[in-house]
Structures are given as C-alpha cells and as structure tokens.
Amino acid sequence: MTAVAAQPRVWLRDNGVYAALVLLMAYDLVFTENFATVSNLNTQLVQVAPVLIVALGMALVIGTEGVDLSVGSVMAIAAAILPLYLGYGLLPAIGLALVAGALCGMVNGTLVAVVGIQPIVATLALLVGGRGLALVLADGQLKDIRNPALLDLGAGKAFGVPYVVLIAVLLTVLVFLLVRYTTFGRQLVATGGNRSASELAGLPVRRVLMTTYVISGVLAAVAGVVATARLTASDPSSVGNLYELAAITAVVVGGTPLSGGRVRVLGTVAGALLMQLITATLIKHDLPDSTAQIVQAAIIVVAVYLQRSRTAS
Amino acid sequence: MTAVLTEPSVASGRSTGRERLAGLAQRRGSVVVLALLVLVASLSFDRFLTVGNLQNIAIQSSFLAIVALGMTFVIISGGIDLSVGSVFALGGVLAAYGIQWGSLVGLLLCLVPCGAIGLLNGMLVAYGRLAPFIVTLATLLGARGLLLAITDEGATTRLMPRDALLTSLGQDTFLGLGIPVWITLVLFTAGIVVLQRTGFGHSVFAVGGSREAATLMGLPVARTTMVVYLVSGLTAGLAGALAAAYSASGVTIVGEGLELEAIAAVVIGGTLLSGGRGTLIGTLIGVLIFTVVNSIFTQNNLDTSTQNIAKGVIIVGAVLLQTLTTRRAKT
C-alpha cells in the first residue's frame with residue numbers, strides 16, 4: 001500500500017469518529033426539529049453520561065489488551081449498596097459504593113494479572129455473579145431514593161449544566177491527563193502494546209493491570225451512582241444492563257484498537273456521543289429502535305474495518 | 001508437518017504424557033464438579049433422581065447444548081461468537097413465522113438467515129481480518145434489530161400450531177426422551193466425528209493453535225474460519241427453532257445473555273479460549289453442570305440471583321482449576 005493511498009484511510013481511522021459526529025450534528029441542526037435547544041442538548045448529555053463514564057474505564061482496560069465485561073453488574077452492585085447506607089449520609093454511602101467497585105476491580109485484576117486468566121472469562125464470571133450479588137444485597141427489590149442530596153445530584157444543575165454532565169467531563173479530563181501525562185499512563189500503553197517486552201523492561205506489569213481494572217471498577221461504580229440518582233430509584237435488576245456492550249462500542253468506534261497499546265480518550269467521548277446521537281436522531285424521526293440497532297451494528301463494522309489498516313500496514 | 005494432519009493430538013496439545021495428564025485433570029475437573037453437584041442435588045431434594053426430573057434436565061440442557069456445540073467449534077478455531085443469543089431468538093421467531101406455510105418452510109426460513117448471519121461473521125473475520133469479538137458484537141446488535149423489525153418492535157408473538165411437524169420436533173418424545181435431546185445427541189456425535197476424524201476438524205484445531213503455522217502448512221485457513229462461524233450460526237438458529245417449538249411460540253425476549261452461558265459452558269468443559277484445544281464431551285459436561293445448578297436452585301425455591309452468584313463462582317472455579325493444572329504441566 002503506497003503512502004498516498006494509505007493517507008485518506010489513516011485520516012479516516014484517526015478522525016472518522018469526529019467527522020461523523022460533526023456531520024450528524026450538522027444534519028440534526030438543519031433537519032431535526034427541536035434539536036438545537038438547551039433542554040434537548042442537556043437531555044442527550046445526561047443520557048450519555050453513565051455510558052461515557054463506564055467507557056472511560058473500558059478504554060483503559062482495552063488499552064492493556066483486555067476487556068471488562070463486568071461493568072454493568074458493578075453498576076448494579078453500586079446501585080444496590082447506596083440505599084443500604086444512605087441513612088449514614090450521602091458521602092459514606094457513595095464512598096462504600098465506590099469501595100465495592102474497587103473490590104470488584106481487584107477481583108478482576110487478580111484473576112487477569114496474577115492468575116493469568118483471559119480477561120473475557122475472568123470478567124464474565126463477575127458479569128454473571130455480580131448482578132446476582134446486587135439483587136441479593138437489595139433483596140431483589142427496587143428501592144425509591146428519598147435522600148434529597150442524592151436526588152439533587154441526579155437532577156440539579158450548576159450554571160445551567162447538569163451535575164451529572166459535569167461529573168462526566170471532570171472524569172474525562174482526569175482520565176485524559178492520566179493517560180497522557182503520568183508514568184502510569186505510559187506503563188499502561190506499554191503493557192498493552194507488548195506485555196512481554198514491558199516485563200523484560202522491568203515495568204510493574206501486574207500492578208499496572210491490577211490498577212487498570214480497579215479504575216474500571218470504580219468508574220463503573222460512579223456510573224451506577226449517577227444512574228441511580230437520575231432514576232431516583234435503586235434498581236439493581238436493570239441498571240447497567242448491556243452497558244458493557246455500549247461501552248465497548250463507544251471505545252472501539254472512538255478508535256481505540258482492541259489489540260491494545262493505544263488509548264484514545266477523546267475518541268471514546270466522541271464515540272459515546274455519536275452512538276447516543278444516532279439513536280436520538282432516529283427516534284426523533286420516528287424510526288424504531290430496531291433500525292437504530294442495525295445502524296449501530298453497521299457503524300461498528302465500519303469503525304473496525306478502518307482500524308484494520310493499522311495492523312495490515 | 002503432515003504429522004499434524006494425521007494426528008490431531010499434536011495440534012490439540014495432548015502429545016506428551018505430562019500434557020495428557022493435564023488434559024485429563026482438566027476434563028476430570030469438570031466431571032468431578034458435575035458429580036458433586038449431582039450428589040448435592042440428590043441429597044437436597046428427593047425428586048432429583050426421578051425419571052421425570054432427569055427427562056426435564058435433559059430437555060432443558062438440549063437447547064444450550066446445541067448452541068454450545070457451534071460455539072465450541074468457533075472457540076477451538078481461536079475465535080468467539082457473541083451473536084448466538086440474538087441468532088437463537090431470531091431463529092425461534094423466524095420458525096414461528098414461517099410455519100404458516102408449512103414445517104419445511106418454517107425450518108428453512110429459520111436456518112437460511114441464521115446461516116447467512118454466521119457466514120457474514122465468518123467472512124468478516126476470515127477475509128476482512130476483523131476481530132471476532134467486535135464483528136460478532138455488531139451482529140449481536142444487528143440480529144436483535146432484525147428481530148425487532150419483523151415483530152413490530154417485539155410486540156408480536158407468533159404461536160406455532162400444535163399439529164405441525166416442526167412443533168412436534170420440539171414437543172414429542174421418543175423412547176422417553178424429548179426429540180430435541182435426540183437431535184442434540186446426534187449433532188454431538190457428528191461433531192465429535194468431524195473434529196476428530198476429518199481434515200476439516202484437524203484444520204479447526206490447527207487454525208486455533210497457530211494461524212500462521214496453519215497458513216504456512218497450506219491449510220485452507222480462511223475457509224475453515226468461515227465454516228466454523230457458519231456452523232455456529234446454524235446451530236444457534238436450530239436451537240432457537242427447537243426452543244420455540246418446545247414452547248409453541250416464537251418469543252422475542254429469549255436468548256439475551258445466552259452467548260455468555262454458552263461460552264461459559266465451553267470454557268468450563270476445558271476448551272481453551274485461546275484456541276487450538278478443546279473437546280465436545282467437555283462442552284456437554286459444562287452444559288449439564290449449568291442445568292443441574294438451575295435444577296438445584298429452582299427445586300429449593302432459591303431465586304435466580306443466588307443462582308447467578310453460584311454460576312459466577314463455578315466459572316471462576318473451573319477456569320482456576322484449568323489454569324493451575326495447565327501451568328503445572330508446563331513447568
């Protein structure tokens with residue numbers, strides 16, 4: 001493949017998701033009614049926030065050449081823990097939910113980094129078992145949230161921007177800085193790029209993997225708290241259902257290769273926004289959910305096809 | 001080089017005595033787990049070892065087993081197929097839709113699109129060189145979308161007439177066992193023969209063991225990859241049609257999470273997710289483990305949530321056992 005022929009493809013691979021997002025937004029501005037209103041934009045951003053938060057952790061895990069299927073169940077565990085401890089105050093309850101997320105991440109990390117089980121299987125176990133655990137914790141029941149502080153977190157705004165969106169933006173910045181400017185970020189990318197070389201170079205590969213899965217678990221717990229606050233109810237049987245697939249989709253469409261060694265945080269944001277906007281656009285034009293799913297499937301295939309050139313060349 | 005072609009044991013990694021021992025331990029591991037579960041089951045409730053209950057377990061296992069059969073082929077070849085749950089549901093709905101023109105049309109209308117989805121997966125993986133995980137994730141969404149599109153967004157449930165031949169395939173019994181159980185047994189026997197005794201089977205092991213080596217040996221790597229995904233699509237669709245016939249209706253909400261259960265059954269059965277190694281007998285044992293767990297929990301009136309915790313623990317336990325025995329054999 002010559003350099004000239006490769007260039008458009010490389011450009012598409014690196015910037016395709018942004019281009020698609022801009023095109024779709026331009027289309028929406030012109031053809032979709034009630035799109036460019038503050039309330040609609042806020043609705044879209046609030047809806048995408050939990051997926052995005054989960055996808056940030058997923059991008060890190062995929063960067064290590066792993067995958068974390070347990071995120072949806074970890075969200076459910078966090079959601080189930082919240083109402084149990086809200087009596088002690090908002091912060092202790094959220095704190096415990098995040099600790100539970102970290103513990104789940106440690107279980108995944110131990111199985112992957114220490115025992116050496118493939119990430120798909122290791123995290124599959126927690127996907128199956130985690131939701132069961134969440135339901136047991138919650139007694140299998142949906143619990144209404146009445147804590148005013150938590151409700152405010154879900155519905156409140158600062159300077160016209162919902163808290164939920166601010167949290168997502170803050171976490172995005174943190175993860176971006178983590179990947180770009182810290183030693184841990186470089187070690188993570190190196191581990192994903194070539195694990196044995198990283199081991200030979202003396203990098204703390206196991207610790208890096210462990211930390212990555214813990215971060216993913218904590219972020220999933222944050223998403224569980226956010227989703228619960230928005231829903232005004234703790235619903236461990238459905239919260240976070242299929243979020244693992246939505247998160248993986250956002251990451252892959254955003255240009256992070258499944259083969260590891262590269263993390264694109266901003267691409268992940270664009271990927272999550274793109275998938276959300278597609279669904280919203282189709283719904284606003286009265287096209288059914290089924291069409292949205294088929295369109296999303298096609299986009300995933302196109303995104304991965306574009307990435308292929310990276311390995312082929 | 002030709003040794004691999006004539007002796008699949010080389011590719012499947014059971015060539016040396018030590019490795020054979022590890023393989024035995026792996027398979028024994030799941031057998032031991034199954035035996036323990038059966039023991040627990042027969043102690044915890046009297047009705048477990050009755051003919052009726054065993055018949056029940058057999059028929060409940062059969063649908064997952066057929067899906068896991070195709071999944072085993074895919075995983076041995078080094079791939080993964082996440083789309084089977086959606087294809088399973090799609091197959092059931094298509095069969096229930098097509099049966100109005102006769103059983104044969106119902107079966108064909110189920111198998112042709114499901115096979116086509118499998119073929120599409122295979123082509124994208126084999127010729128497009130795309131990651132199986134993502135390709136089949138896309139068809140998981142796509143097949144579910146297709147399913148919703150043909151059922152008025154999931155609102156329509158089509159019933160299958162009780163007197164149709166296809167329905168009786170799901171509901172009738174022969175020598176005390178349901179027809180789906182017999183179909184499962186026939187398919188597994190055929191699958192074992194294909195894996196162990198045919199060139200195609202040997203290629204599946206070789207491709208999963210090392211794609212590059214298989215290519216250098218001149219094996220039809222792309223064709224083999226395509227066929228395993230085709231098989232997986234067909235088995236998932238067939239299982240869906242049989243399950244629909246068993247319940248006499250094409251329900252749209254089935255099959256979610258089925259891909260994970262099938263993968264777990266295959267892995268518990270000792271097939272390595274990295275490919276190149278695995279057995280269909282192991283898969284069958286893995287499926288039985290799941291069904292016996294289900295049976296224990298439902299009979300003791302425990303809810304599905306505790307059941308899921310137990311399943312998660314079993315997956316980790318089985319894989320830990322596998323990893324530890326494999327590692328000991330290597331060192």
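This note goes through a predicted model point by point, from conventions to chain contact, helices and salt bridges.

1. Conventions. The model is predicted, with local features requiring pLDDT of at least 70 and side-chain atom pairs counted only at pLDDT 80 or more, while totals for chains, interfaces and linings use all residues. Residues are numbered from 1 along each chain as its sequence is written, chains are lettered from A and ligands numbered from 1 in the order in which they are written, and side-chain values use heavy atoms, with hydrogens and water left out.

2. Chain B overall. Chain B has 15 helices and four strands (DSSP runs, H or I of at least four residues for helices and E of at least two for strands, numbered from the N terminus). Of its 331 residues, 55% are buried (buried is under 20% relative accessible area, exposed over 50%, partly exposed in between; 1.4 Å probe, protein chains only). Among contacts in chain B with a separation of 6 or more, 77% join residues 24 or more positions apart (contact is heavy atoms within 4.5 Å).

3. Extent of the interface. Chain B contributes 38 residues to the contact and chain A 36 residues. The area buried between the two chains is about 3100 Å², and carbon and sulfur atoms give 82% of that area (buried area is the accessible area, 1.4 Å probe, that two parts lose on being put together, summed over both). B:Phe133, B:Ile134 and B:Leu141 supply 18% of what chain B buries against chain A, more than any other three residues.

4. Zero salt bridges are counted between chain B and chain A (a salt bridge is a side-chain nitrogen of Lys or Arg within 4 Å of a carboxyl oxygen of Asp or Glu). On the side of chain B that touches chain A, helices H7 (132–150), H13 (258–268) and H15 (304–330) of chain B are the elements that give two or more residues. That side divides into 24 nonpolar, nine polar and five charged residues (Ala, Val, Leu, Ile, Met, Phe, Trp, Tyr, Cys and Pro are nonpolar, Asp, Glu, Lys and Arg charged, and the others, Gly among them, polar).

5. Helix H10 of chain A. The 27 residues of this helix (205–231) should span 39 Å, and its end C-alpha atoms are 39 Å apart, which agrees (the expected span is 1.5 Å times one less than the number of residues). H10(A) is largely enclosed by the rest of the structure, because 19 of its 27 residues are buried. Just after H10(A), A:Thr232 takes a positive phi of about 55°.

6. A:Gln44. This residue lies in helix H2 (residues 38–63) of chain A. A:Gln44 is buried at a relative accessible area of 10%. Leaving aside residues up to four places away in sequence, A:Gln44 touches A:Gln276, A:Ala280 and A:Lys284.

7. Salt bridges. The structure holds two over all chains. One joins A:Asp144 to A:Arg146, with the closest N and O atoms 4.0 Å apart; A:Arg146 is exposed, at 66% relative accessible area. A:Arg195 and A:Glu199 also form a salt bridge, at 3.4 Å from N to O. Both residues lie in helix H9 (residues 195–200) of chain A, four residues apart, about one turn of the helix. A:Arg195 is partly exposed at 33% relative accessibility, and A:Glu199 is partly exposed at 41%.
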